[in-house]
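Subject: Structure handover

Hello,

Please find the structure below. My notes on it follow.

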Amino acid sequence: MIDLISIALITLGGVLIGLGVHFIPVGGAPAAMAQATGVGTGTVQLAAGAGLTGLISAGFMYNFLATSGSFTTSDFILVLASGAVGAMIMITVTMFIGQLVYVYCVGVPPVSAKVDVDPITGDRQDIYVSKGTEGHGVPTVSFVSGTIGALFGGMGGSLVYVQLMQIGNAPSDPAIVALAGIFATGVFYVNAVLASYNIGGTIEGFHDPKFKRVPKAIISCLVASLLCAIIAVPIMGGVS
Amino acid sequence: MSAVEGGPASGGLPPNKVIAIGVIGGLAGIYLTMLNQTFNTTIFSVMGGIGSIFAVVWGADAVRRVCSYGLGTGVPSIGMVALGMGIVAAIFGLILPETGILQIPAILGPVISFIVAALIGLVIGLLSNKILNMNIPIMEKSMIEIAGAGCLVMMGLSASIAGSFAFNDAILPSVVSTGYIALVFIGGAMTILHPFNANLGPDESQYRTLYVAVEKAAIIMVIAGFASLTAIDAVSAALTMLVGLLIFLVYFNKFMKSVHREAYKVVGTGLLPSAEELE
Amino acid sequence: MIDPITGLGIVALMGALATIAGAAEDLESDVGSQSNPNSQVQLAAQMDFPHRIFNKAISGEPPAYGLWCATGATVASVLLAQNMSVIFAIAIGSLAGAILLGLFSVTAHMGRTASQKRFKQPIYMDMVIGHVPSIIAHGFIAVFCIISFSYIMDHVLSHPFPLPLLAFLWGITAGAIGSSTGDVHYGAEREFQNQPFGCGLNAAYSGNIVRKAESGLRNGIDNVWACAKFGGPVTGLALGFTVFFDNWRSTVFSGVNAVIAGLIIVLILILANRLVEVQGRKAYGPFKDEDGGAETA
């Protein structure tokens, strides 16, 4: 029997991961030299760092809820929320500390080069972009965008994990846990890399013109995750 | 960090030859671990590790060819996607014959994994080129190759730890439950992506890159051998470690020799090149 | 279940270990120059600025630290299965991970430099011999601390993931944090101390890194000395906060409350970021001269 609901949920998880990557403000190598807005690292890496922290939190919560009795729909949502919050904590701490380095150590004001006015705070942006750069630091709009990205990424990763665990139906079997964990990691990387190819490796957040490319990534992640889900569901069902 | 952009990579070994080495060597290594069951021993686990070295060489060469075009993101991400696809496919292929959903003999497992990996790679390659408009001419082919190679590396290392590629009886308890699968996953990814990343530059040469691939795959094989201490007997584990160490030493030397030959100059210490020298 | 006070103590211990791990992780990447700032070291030779800075392009830090930690945890698990004591097992495992890091560093530095033959960048063997032990030492501290708090999470707080998987995931997180926070100090400030402070780096000066030290030629050891003053410690703070907050909320609260507590932490950080942003804008900007000028990198 083919478990359509599981396949749909795992696919949704993959799409959420792909969507989340588009929100995370990452400037790639130039940002590490304060030449571009965003966190100074690669898209995939920051998204993976946040999403996998979320996976750890979700694994914790799932283990706690599933081994202590029946696992209800509200528990399911709670695990997803826990994964999302874990990822959000990781990314906000990272962006905040990164911001401290930009402001107090490198000596640049956080500014976006893609918009003239920060859509959230209303601060003027263009005159704060220093010569020969494309913005620097993490302005409020990018910060909030990154938080939303971690919400989606963490939730997506947790959704894949929890649904795989539900199919495996043995919350305390170490084999099932490890299999679901490594599978979720694999699906996470596939979607994060696809999304990162879509934005060419850098994006400032949801205000960036590149964000308009999101539909393409959603289609790609949908197809790729669907393929992974069709493969993953019989595996988890077949583990003895 | 892609400093080199555009244009296909050139090199001594033609791609088709490397593909043949990778596929045949990788699959042969995995299948030769079956000798363990035939002779009722675990000494042939070493073959899995050797098979993974062939697959790594292929994967590293495929990464080298595709990363010669600017990807827009660093070399590492393509290695991570390779193993992301590879791990899903590898486990699927190995487990499918054992689920009884389809009547397939268990011996076909690795081949099924390999085909599924190639299929996922093809889909991801098509998505990247057709929907995401990356327009890299060899994207589909390369994605098939690195997914296939990633899958073979995974299976080879897992088989060398567990002593067999039977999923429920061997790999599940000794590779997955123990968590060594994390090492197999990231070890495979790093051996495939590191060689080109470590040699990136205008004067990169294929042989040097592939020496690094062999040498790094061998060192991961040593660690896999150590991990296999909990699954198979100590003599077999020691054999895997020893063979890995030997291959590592031989190819590390080859790499060092090629660096000494190909670098501008190798000096004990010294000042920076003078302005006249840089002219 | 452990009682809340002990739980808090354990979470604090994990936070402390994570802080040390983060700092050592960042400093290790400064000794060897890994991750994004290394693009400038790579570029320097190309722009006719040969240098004596270690060029450690293993890969991005997250997969790299994933590998060191997964290796260390695998070796430690094997030793634990042979009934070795916990501290020794983790120490030996971390040593294996750190040596692996050293081996990867050698191929990365020598391979990249050899591939720059046409820019006449020599390979200095004394640098390989001098930097690799320092890389291994910093890496050992980082890997040891990451595996230690993963072990505590696994065996005391009973996280369901097996130790190697957990250490692998935390390694990726540690690498992601290290390359996002502390590396900026190295990339944007230490590499470009020859540029004016307070305006960021003009892209036209890319590759023009500082190559001379207080005495002699600058190398990775000089860089780590400077970065240990700010970049390293704040990276430690970032990893420490992540580990501490994430576990604190699920230890003190349970269920929905843990989620709400997490959201409050996130909200506080958004507001704190805003304060820092306002202060930065006041201190450095606006760069009026460039007002309205079309700028291209």
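Some terms come before the findings. Helix axes are lines fitted to C-alpha atoms over the stretch in contact, and angles between N-to-C directions run from 0 to 180 degrees. Helices are DSSP runs of H or I with at least four residues, numbered from the N terminus. This is a predicted model, in which local features need pLDDT of at least 70 and side-chain atom pairs count only at pLDDT 80 or more, while totals for chains, interfaces and linings use all residues. Residues are numbered from 1 along each chain as its sequence is written, with chains lettered from A and ligands numbered from 1 in the order in which they are written.

In chain B, helix H4 (residues 75–99) packs against helix H5 (residues 109–131) at an angle of about 145°, and their axes are 7 Å apart. Two residues are in contact if their C-beta atoms, placed from the backbone, lie within 7 Å. Among the residues of H4(B) that meet H5(B) are Met85(B), Val88(B) and Phe92(B); the H5(B) side includes Phe114(B), Ala117(B) and Ile120(B). This contact has 15 nonpolar, five polar and no charged residues. Here Ala, Val, Leu, Ile, Met, Phe, Trp, Tyr, Cys and Pro count as nonpolar, Asp, Glu, Lys and Arg as charged, and the others, Gly among them, as polar.

Leaving aside neighbours within four places in sequence, Val88(B) is in contact with Ile120(B) and also with Phe183(A), Gly186(A), Cys228(A), Ile231(A) and Ala232(A).

Now the contacts between chains. Chain A and chain B each give 35 residues to their contact. On the chain A side, H6(A) gives the most, with 15 residues. By class, that side has 24 nonpolar, ten polar and one charged residues.

The contact of chain C with chain A takes 71 residues from chain C and 68 residues from chain A. On the chain C side, H10(C) gives the most, with 18 residues. The residues of that side divide into 38 nonpolar, 23 polar and ten charged.

Lastly, helix H9 (residues 206–227) of chain B. How many of the 22 residues of H9(B) are buried? The count is 20, so H9(B) is mostly covered, where buried means that 20 or more other C-beta atoms, placed from the backbone, lie within 10 Å of the residue's own.

Regards

Note on methods. Helix = DSSP H or I, 4+ residues; strand = E, 2+ residues; numbered from the N terminus. Buried ≥ 20, exposed ≤ 12 C-beta atoms within 10 Å, placed from the backbone.
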